[in-house]
Amino acid sequence: AVASVADIRKTFLDFFASKGHTVVASSPLVPGNDPTLMFTNSGMVQFKDVFLGTDKRNYVRAASVQACLRAGGKHNDLENVGYTARHHTFFEMLGNWSFGDYFKRESLMWAWELLTEVYKLPPERLLATVYAEDDEAYDIWTKEIGLPPERVIRIGDNKGGRYKSDNFWMMADTGPCGPCSEIFYDHGPEIPGGPPGSPDEDGDRFIEIWNNVFMQFDMKEDGSVTPLPAPCVDTGMGLERLAAILQHVHSNYEIDIFDVLIKAAARETGTADLSNPSLKVIADHIRATSFLISDGVIPSNEGRGYVQRRIIRRAIRHGYKLGQKTPFFHKLVPDLVKMMGEAYPNMASQAQRITEVLKAEEERFYETLANGMEILDAALADGAKVLPGDVAFKLHDTYGFPLDLSGDVCRERGLTVDEAGFHAAMEAQKAKGRAAGKFKMDKALEYSGAGNTFVGYDRLEAPAKVV
Ligand code: ATP
Ligand code: MG
Ligand code: MG
Ligand code: MG
């Protein structure tokens with residue numbers, strides 16, 4: 001029998017426990033220690049203050065399986081869902097950490113040992129990348145681990161400017177930072193895509209599975225770096241990506257959890273073709289939205305709640321595309337609980353509440369969805385290549401279509417949205433309201449995207465309201 005996701009989690013934690021690591025529980029999707037970070041997007045978030053030296057733990061080695069969300073903040077993978085084999089909004093990250101204890105050698109040797117001797121991945125399928133200047137990591141891979149040099153790829157400063165590289169990690173503009181070494185798995189020449197660092201690296205043939213970050217410098221305002229007194233290790237491996245390999249499938253969406261969720265989405269939408277990409281979107285989004293609700297994020301028009309609303313409405317729109325005219329999405333909750341409830345009892349115990357919140361949002365959006373889709377279709381009927389900004393705004397303002405939802409529809413048809421026009425229309429309405437002097441706040445908040453005030457990647461303009 002192939003390893004289940006539950007086996008894979010346990011094997012990971014047992015392995016690092018055997019190497020002296022303290023197993024730490026997953027922390028909530030809403031970071032408790034950083035009001036400006038949208039969502040927990042990696043395993044290190046709960047340890048951020050330990051790396052910064054403002055928090056201390058009674059252990060120097062830790063391991064976890066962390067629930068992560070990459071939507072609406074830094075590393076927004078919402079647009080990748082349904083398009084790549086490897087991206088989810090919600091996913092689980094396996095991680096191990098050294099807080100000033102072990103460094104590159106142990107980190108890489110243990111990663112290799114776990115992958116090839118415990119999980120028994122074929123070594124000839126594995127590749128590694130290192131930061132261009134990191135000879136130390138390069139030598140560990142080639143001389144100590146014995147990876148052939150042609151499968152150890154140096155990744156340079158490909159984003160312009162020293163240290164601006166996929167293989168150079170920074171916690172922020174200043175502070176702890178350092179080179180990474182990433183491990184990739186080659187799913188085989190029949191799949192399109194090139195090795196890391198090549199022009200077609202974004203394909204799904206060579207899939208990144210594990211990032212090992214070596215925090216070894218402190219970056220100053222002027223961009224210069226000095227060595228940290230106690231270098232740290234921060235690693236993250238995508239559980240679903242590893243499961244795809246171990247379950248002998250290519251896509252994350254074919255692993256055990258997704259097999260069940262995709263069939264459930266097909267059941268609820270009466271879809272016969274299980275390869276329909278909308279089913280993947282729905283399966284992904286039921287995880288993200290249910291876990292968000294269990295961590296206290298309910299749909300609203302601002303901050304995190306608006307991201308939640310956007311994800312739910314995208315899922316509903318995909319159901320609508322499959323012919324669903326009444327609420328269906330909330331009916332997937334029991335399937336999710338069946339697959340993930342044991343590992344996440346806090347989510348499972350809230351199944352009833354999750355179902356109710358989703359159902360209410362569905363009922364609300366179904367009131368305007370069909371009419372909104374008619375307007376959208378009409379605007380594109382004459383062969384337009386771009387959805388006009390004022391139409392996108394009307395859809396948003398009157399029909400509850402978040403901008404990215406209209407964008408998702410357009411993208412499926414090879415079209416785009418005039419985003420500048422959308423924002424201009426929104427500004428114009430706000431100005432009008434201010435001029436009229438009787439701008440009713442409740443109406444304004446209804447669909448005006450008042451929550452859509454993200455000013456950077458993972459930063460909110462103001463700390464998110466805790467809901
Ligand atoms: P990619 O380049 O494939 O988008 P990444 O470089 O953004 O991945 P990291 O930030 O290095 O990812 O995160 C560590 C690991 O977490 C990755 O190596 C991958 O296995 C996993 N991971 C990252 N993003 C996702 C996602 N959206 N869905 C599933 N797994 C992910
Ligand atoms: Mg990414
Ligand atoms: Mg990457
Ligand atoms: Mg990475």
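The legends below describe close-up views of a predicted model.

**View 1. The largest nonpolar core and the residues with the most contacts in it.** The largest nonpolar core of this predicted model has 114 residues. Within this core, the residues that touch the most other members are Leu115, Trp141, Trp210 and Leu387. Helix α11, residues 351-380, supplies the largest share of the core, with 11 residues. Another core lies apart from this one and has 16 residues, including Met44, Tyr59, Met171 and Cys232. As a general background, nonpolar side chains in soluble globular proteins tend to be buried together.

**View 2. The surroundings of Trp210.** Which residues does Trp210 touch, not counting residues up to four places away in sequence? They are Phe12, Phe16, Asn96, Ala111, Leu114, Leu115, Ser181, Glu182, Ile183, Thr235, Gly236 and Met237. Leu115 in this list is, like Trp210, one of the residues that touch the most other members of the largest nonpolar core.

**View 3. Asn96 in strand β3.** Asn96 is located in strand β3. Is Asn96 buried or exposed? With a relative accessibility of 0%, Asn96 counts as buried. Residues up to four places away in sequence aside, Asn96 touches Phe12, Phe16, His21, Ala62, Ala63, Tyr102, Trp210, Val233, Asp234 and Thr235. Phe12, Phe16 and Thr235 are also among the residues that Trp210 touches. Lys359 is 263 residues away from Asn96 along the chain, and the C-alpha atoms of the two are separated by 38 Å.

**View 4. Helix α4 and what covers it.** Helix α4 runs over residues 135-145, and its buried residues include Ala137, Tyr138, Ile140, Trp141, Thr142 and Ile145. Trp141 is also one of the residues with the most contacts to other members of the largest nonpolar core. The buried residues of α4 are covered by elements that include α3 (104-118), β4 (126-131), β5, β7 (175-186) and β8 (206-219). After α4 comes Gly146, which has a positive phi near 85 degrees.

**View 5. Two residues other than glycine with positive phi.** Tyr163 has a phi near 70 degrees, and this value is positive in a residue other than glycine. Tyr163 sits in the loop between β5 (152-155) and β6 (168-170). Its relative accessibility is 7%, so Tyr163 counts as buried. His248, also a residue other than glycine, has a positive phi near 60 degrees. The loop that holds His248 lies between α5 (239-246) and α6 (256-269). His248 is exposed because its relative accessible area is 66%, which is over 50%.

View 6. How many disulfides does a search of the whole structure find? The search finds 0. Cys180 is in no disulfide, and the nearest cysteine sulfur is that of Cys177, 10 Å away. Cys180 is buried, with a relative accessible area of 1%. Cys232 is likewise in no disulfide, and there the nearest cysteine sulfur, again that of Cys177, is 12 Å away. Cys232 counts as buried at 9% relative accessibility. Cys232 is also one of the members of the core of 16 residues.

**View 7. The second largest cavity.** The count of cavities of 30 Å³ or more comes to 2. The second largest cavity has a volume of about 30 Å³. Its lining has 10 residues, and those closest to the centre are Phe39, Asn41, Leu69, Gly73 and Lys74. By type, the lining residues divide into 5 nonpolar, 2 polar and 3 charged.

**View 8. Arg86 in a loop.** Arg86 is found in the loop between β2 (61-69) and β3 (90-98). Arg86 counts as buried because its relative accessibility is 11%, which is under 20%. Neighbours within four places in sequence aside, Arg86 is in contact with Asp202, Gly203, Asp204, Ile207, Arg241 and Asn252.

View 9. Ala17 is in helix α1, residues 5-18. Ala17 has a relative accessible area of 36% and is partly exposed. Its C-alpha atom is separated by 13 Å from that of Val65, a residue 48 residues apart from Ala17 along the chain. Asp377 belongs to helix α11. Asp377 is partly exposed, at a relative accessible area of 34%. The C-alpha atoms of Asp377 and Arg105 are separated by 57 Å, and these residues are 272 residues apart along the chain.

Notes
Residues numbered from 1 in each chain as written. Chains lettered and ligands numbered in written order. Predicted model: local features only at pLDDT ≥ 70, side-chain atom pairs only at ≥ 80, totals over all residues. Heavy atoms only, no water. Core = buried A, V, L, I, M, F, W, Y, C linked by side-chain atoms within 4.5 Å. Buried < 20%, exposed > 50% of the residue type's maximum accessible area, 1.4 Å probe, protein only. Helix = DSSP H or I, 4+ residues; strand = E, 2+ residues; numbered from the N terminus. Contact = heavy atoms within 4.5 Å. 1 Å grid on protein atoms, 1.4 Å probe; cavity = no way out; pocket = protein on both sides within 12 Å on 5 of 7 lines; lining within 4 Å. Points joined across faces, edges and corners; volume = space filled by probe spheres on them. Nonpolar A, V, L, I, M, F, W, Y, C, P; charged D, E, K, R; others polar. Disulfide = S-S within 2.5 Å.
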